[in-house]
Each structure stands twice: as structure tokens, then as C-alpha cells.
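Open the model in your viewer and keep the selection tool at hand. The stops below go from single side chains to the whole chain.

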Amino acid sequence: MRKPVVLITGAGGEIGHGLIARLSESGSLIITLDISPLDASLAPLVTREFTGSINDLSLLERVLAEFEVDRVFHLAALLSTRSEFTPVTAHHVNVEGTLNLLEFAQHQGESHGRPVVFIYPSSIAAYGFPDLETKTRAGAVTEDQYAHPTTMYGCNKLYCEQLGHYYSRHYKQLSADVIARVDFRCVRFPGLISALTLPSGGTSDYAPEMIHAAAKGQPYDCFVRPDTTIPFMAMPDGVDALLTLAAAPRERLTRSAYNVSAFHPSAAEIRDVVLAAFPEGRIGYAIDQKRQGIVDSWPAAVDDSAARRDWGFDPKYNFERAFQEYLIPTIRQRYRK
Ligand code: AKB
């Protein structure tokens, strides 16, 4: 009997770092798939590391043949800013790659007779507001409001939410013999701020970029206006959310995609708390109108009551604790070394 393993795609990314550490602590056997080799700090924590593309079907066939996968954390994606520069590549990776992983999970479930739990990080980019007035008036949005994304990344994320729901509920519904349909579960992440990794290609990156620049003593120009407001979350709470959702009893879940969030400061409020911690920091503003337009289309806040009710989502870090207890001390230490 093969031991069940967890597959993490995009394992070398920001979320993957924290997820691998937490899963290895719990004793899970982990296999990873990433376009780049894992950091030396992560490689020893995984049972097997595959380096390649989620669009390499022969590679996925190899994984299917060698391992019994019972959970998939599908993190591999091109983020919002990068996807705007290469929209077709973004669709290829974000959508076709996700379809490949859903087919992989379905075939895994059919081979070992149990549904594979498929955890998918969607994003606040799945929302879209036509203008700032509508965004401000909307306040904290629920999952079924304003799902009109204005970026390729947001379109990709919203469609993959629907694709996952199809695989969970309706896959090949005209074929009588479909067994072990994928158990798709998804969170819409806000901007995630990690103390351990640098941001890569996101439009919410102004928050982590400010902190890391000030901690390194480097000047930084924030690319959005001071009043810009979107929801954020400290990375440990993001990883906790994925693990808690994955472990939740299926019958508790009333929807496929859930909002999660922890705090929603303005860019100016983030700048203030960073300069209070790093008084020598030099943080100005150089607005990038295109990236500003993306962030203005995202909600100022989200209503995460469904996640709290259905599966006990409960972030540990509010705005103050995230900075005072996690981000600032950890990042300060990182650059002292
Ligand atoms: C991005 O900025 O693209 C991501 C996100 C908000 O999904 N961090």
C-alpha cells in the first residue's frame, strides 16, 4: 500500500514556504512541483521534489504513477501585475495549468477510490469595481457581489473557482460511472504579507516592499496613493486558513469559495507603522497609474463571515499584531544577519 502524500504546486513561492514548514511539522509526506528548484531550506522537508511545469502532462503522469496523492495545494500561478504584461502566458499557466491539476486529482481519486481534497488560493482580484465611488460605497463585500474582475489574473482566478466547483459537483455528469469527484475548496486571499519571502509580481506588493526596503535602509517609493485601501493578512494566517479549510468536514462547507481577511489598512497607515519601526526609513510615493487602477478595482474590505461560520476561520494577527509581533521583528532579524 502506498502511503498517501500531499502535492504542493508552486511550492517554492511565498505561500509554499510557510505551507511546507507547517505540513512537515504535522508529519505529512510532501511532494512538490515547481518550475524552479526548491530553496535549500525547504528541500530536506519534502519526500520528493519535481522540477517542471504544471503544463507538462508527461510529468503529471509520472507523479500519478509513482504516488498516491490525497491532498493537492495548487499554489502555482502568475500574479496580477506580471499577468498584465503576459496575459496569454498567464492564462496558459493559471487556467490550463489548473485544469491539468484538476484532471490529475480526478484520476488520482479514481485510482485510489477516495476524493482528493483540492485546495485552491483564489484572490480579491476576482472582484472588480467600475470606480472608486462604487468601491467605497460597497464596503465589505460578500463572495457573491461584484465578481467582475478587470485583470487577466482576476479572470483566471474567478474562472478556476468555477472550474473547481464543476469538478466537485458536475464532472462528466452524463457519464454514469464517475467516482470520487474532486473535493474542491477555495479561499479568496487578500494581499498576503510574508516576513520570510520577498513579494513576486503582485499588485498588493507595495505593503511588503515598504517593510523590506525600510528594514534594509533603502529608500522606497510606494506605487499607490496614500488613501489606497485593500484587505491584507499575515502569511502565517494565510497558511493556517489553507490547512484549516483542508481539514474541515465536507458537510460543514456551504460554498466552494470563501472570503478570508484580517485587516484593511490604507497605504499611508502601513507607511506610518513602518516608519515608526524604522525611523531612518525613507518612504515616498511615485504613483503607477496602471497598478493604481488595478488596486482601485479591488474591494476595500471583504465579509469573511461564511468562512468563520462554516470552518472556524479565525486569524491570529490583526494589523497591530501582524506588524509588532511578526513582520517587524522577523524582518529586522533577517536583515541583521
Ligand atoms: C497580487 O497582488 O496579485 C496578489 C493578490 C492580491 O492576489 N498578491
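Select Arg71 to begin: Arg71 is partly exposed, at 24% relative accessible area (buried is under 20%, exposed over 50%, partly exposed in between, with a 1.4 Å probe and protein chains only). Its side chain meets that of Asp70 in a salt bridge, 3.7 Å from N to O; the term means a side-chain nitrogen of Lys or Arg within 4 Å of a carboxyl oxygen of Asp or Glu.

This is a predicted model, in which local features need pLDDT of at least 70 and side-chain atom pairs count only at pLDDT 80 or more, while totals for chains, interfaces and linings use all residues. Residues are numbered from 1 along each chain as its sequence is written, and side-chain values use heavy atoms, leaving out hydrogens and water.

Next, select Asp183 and Arg185. Their salt bridge has its closest N and O atoms 2.8 Å apart. Are these two residues buried or exposed? Both Asp183 and Arg185 are buried.

Move on to helix α12, residues 319-336, where Glu325 and Arg321 lie four residues apart and so are separated by about one helical turn. A salt bridge joins their side chains at 3.0 Å, N to O. Glu325 is partly exposed at 46% relative accessibility, and Arg321 is partly exposed at 34%. Then select Arg22, Asp240 and Lys316, which salt bridges with shared partners join into one network.

Finally, show the whole protein. The structure holds 16 salt bridges. Of the 337 residues, 56% count as buried. Along its principal axes the C-alpha trace spans about 60 × 45 × 40 Å.

Note on methods: Helices (H or I, at least four residues) and strands (E, at least two) are DSSP runs, numbered from the N terminus.
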